Amino acid sequence: MKPKIDVVFPDIKSASLIVAEVEKIKLSRHRRRMELLLSNNVQEDILTRFEEELKRQYRLNSVLVHEAEKNADFEQERNVMYVTRKSSGKSQETETLGKAKVTDVIYGSAIRSELTPIKQIREDSGRVCLCGEVFGIETKDITSKKTGKSFHLVLFDVTDRSDSISCQMFIEADEKGDTAYSEVKSRLKVGKHVVVRGKAQYNDYARETIVMANGICETEPPPARFDDAEEKRVELHLHTQMSAMDGVSSAKELISRATEWGHKAIAITDH
């Protein structure tokens, strides 16, 4: 007998609204991602609320809930709970995204290599180039116990909206390095879109695959989404931040987006 969802996640309020059992759980530590397979179908708005609560509670980058009746691919796997830590070593077809349009260099030199989707970066990927939005930055000064040399350590997280990865960079604490470090600190900001070049490797301290960066460039953000349908839909179910745990956008933001997409009306259904 499989556990009920409110037993597995007693701290998630919306779990009590879901009548289903947990068939499987996939956890990826280095991607900070969770996937669930439930025994029954769940109402869409409750499912969305449940995923958002899981993300906040466990500080995940992404949560994806599958329903058994709708997802045959997930169901074909063995019925076990497991944690994905390292790549299986099996060859996979590599997807590239072309080259990013570099607008300025933050560290190193201009990056003109082919980009790799973050979701395809593994510890054995070697030299990679990735592109995405910075959503976390940390800096610190460290000294090597072996050599006694001092370094500036820059850690930052990048997402391309399909996956996320952490990047690290060591800059020597000398006259030249201090200048470069000051430049990186002043220009590498949360929300900025960057291209990163470096070597993918497994980090024993972080216990995940990271990219040891040796180059960072600024790039233009991706184009905004638009609705190119000839007949525009009217969304009849929208929540603003006035619906606790269900929405994060303001009414003004939702109306502005509907106007940009050419929608003639929307329905806000706050509770």
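These legends accompany close-up views of a predicted model. Local features need pLDDT of at least 70 and side-chain atom pairs count only at pLDDT 80 or more, whereas totals for chains, interfaces and linings use all residues. Residues are numbered from 1 along each chain as its sequence is written, and side-chain values use heavy atoms, with hydrogens and water left out.

**View 1. The largest nonpolar core has 23 residues.** Such a core is a set of buried Ala, Val, Leu, Ile, Met, Phe, Trp, Tyr and Cys residues joined through side-chain atoms within 4.5 Å, where buried means under 20% relative accessible area, exposed over 50% and partly exposed in between (1.4 Å probe, protein chains only). Leu 130, Phe 156, Val 158, Leu 188, Val 194 and Val 196 have the most contacts inside this core. Among the elements that give two or more residues to the core are β6 (126-143) and α4 (175-187), helices (H or I, at least four residues) and strands (E, at least two) being DSSP runs numbered from the N terminus.

**View 2. A salt bridge joins the side chains of Arg 49 and Glu 53.** The N to O distance is 3.4 Å, and a salt bridge is a side-chain nitrogen of Lys or Arg within 4 Å of a carboxyl oxygen of Asp or Glu. Because they are four residues apart in helix α2 (residues 44-58), Arg 49 and Glu 53 are separated by about one helical turn. Arg 49 counts as partly exposed at 22% relative accessibility, while Glu 53, at 4%, counts as buried.

**View 3. Lys 2 and Glu 23 meet through their side chains in a salt bridge (3.6 Å, N to O).** Lys 2 lies in the segment before α1 (5-8) and Glu 23 in strand β1 (residues 22-28), so the pair ties together parts that are 21 residues apart in sequence.
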